[in-house]
Amino acid sequence: MSTLKSPTTHSAAGLIGLGAYRPERVVTNDEVAARIDSSDEWIRERSGIIERRYAGADETAASMGAAAAARAIADAGLQPTDIDVVMVATFTHRFQTPSAAAEVSHLIGATNASAFDISAACAGFCYGLGIADSLIRSGTAKNIVLVGTEKLSDFLNPDDRGTAFIFADGAGAVVISATTTQGISPTVWGADGSAMDAIIMEPDSVQAGITHEPSHITMQGQRVFRWAVGSMGDVCKDALAQSGIQATDLVAFVPHQANLRITNAIVKHLDLPESVIVAKDIEYTGNTSAASIPLALDALRSSGQIKTGDPVLLVGFGAGLAYAAQVALTP
Amino acid sequence: MSHEDILAGLAAIVNEVAGIPAETVQMEKSFVDDLDVDSLSMVEVVMACEDKFGVTIPDTEVKNLNTVADAVNYIAAHK
């Protein structure tokens, strides 16, 4: 039997660049509330959202993702041609195929990169960090750009009280590279497809093509809230235990910005030290699914609340009832 | 456990979750209309009741718990 060569491995992987793209148009609660017989106060109470941003008609998940990726690569001090993998977490890309990652790699000039998408909805960014960590330490890749990007406004039913005020648009990206010390802890992840109707885009694209009825996101809010609040605290505790650091070592907790009520309930369960900053980017960004964690990281770093090297606990969770968590050192 | 004991435990939970004075949590009160417990707080109340009383309250049942009495009777019957 032949023995094949395996790649030369890297001893450690970490985040070395961060970038964000927030579309220009600010959408107030009053604007959204008109269609759902609601109010600014009702939306704030139920979600913590004060305003959100919607992309322009000429913008796409891929174009916003490319803008964030280019900023992350510049932040890392690299050139687009240094990137060997482009990974995009999204579920609002225009095409079933080819991937958003292929389009992003072209837009940023990452001509030496492989490209593929991750379909794990709001957990996609943390899934991507786990995959990137493995690709780098195995020696398969050296410099990866991981993008979370969504143009959810294209898939919202503006008359649906359960979703219209929650979801929004934006993109965030990080560069993960071979480093001298490990900057990503073991990923705790999972999924439960038995609850695939809890958050779903319907009708499916085949049916939508036949009936010309647009696909919209629907969500069973109470069911998702119960799952997230009941399970994500333990997932975070597991990720922290596997990271080798203590809760008192954390500088920030950056959960997927699903709903401030979910964040607050998870924080209560986690019993985090008062010193740990809790990301609340949802207040001015809304829920941007796969983009929410890198956007929240960027907001915390830009405002000086976290700095390079600070340990942050990340957890993504959402449709497919997919979830993933890990500790990362701030790029 | 008597209905009175369940009511007292439930009132303490509603107070903890939604900040509503425990003494206002009375049998005939509607969670939504009288006590202003919104749908997400109701989920937290249900989860806390499961822990406290050792009952299972499935998602499909939550929408039937309109009044405090509905919840107390459900817990008493399923303990």
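**Backbone features of the loops in chain A**

A:Asp84 is partly exposed, because 18 C-beta neighbours fall inside 10 Å. By definition, a residue is buried with 20 or more other C-beta atoms within 10 Å of its own, exposed with 12 or fewer, and partly exposed in between; C-beta atoms are placed from the backbone. The model is predicted: local features need pLDDT of at least 70, side-chain atom pairs count only at pLDDT 80 or more, and totals for chains, interfaces and linings use all residues. Residues are numbered from 1 along each chain as its sequence is written, while chains are lettered from A and ligands numbered from 1 in the order in which they are written.

A:Asp84 sits in the loop between α3 (61-75) and β4 (85-89). Helices (H or I, at least four residues) and strands (E, at least two) are DSSP runs, numbered from the N terminus. Leaving aside residues up to four places away in sequence, A:Asp84 touches A:Asn112, A:Ala113, A:Ser114, A:Ala141, A:Lys142 and A:Asn143. Contact requires C-beta atoms, placed from the backbone, within 7 Å. A:Ser114 is 30 residues from A:Asp84 along the chain, yet their C-alpha atoms are separated by 6.1 Å.

Two cis peptide bonds are described next. One runs from A:Thr97 to A:Pro98, with omega near 0 degrees. A:Pro98 belongs to the loop between β4 and α4 (100-108). Another joins A:Glu202 and A:Pro203, with omega about -5 degrees. A:Pro203 is placed between β9 (199-202) and α6 (205-211), in a loop.

Positive phi also occurs outside glycine. A:Asp37 has phi of about 50 degrees and is exposed, with 9 C-beta neighbours inside 10 Å. A:His212 has phi near 60 degrees and is exposed, with 6 other C-beta atoms within 10 Å.

Note on methods: Two residues are in contact if their C-beta atoms, placed from the backbone, lie within 7 Å.
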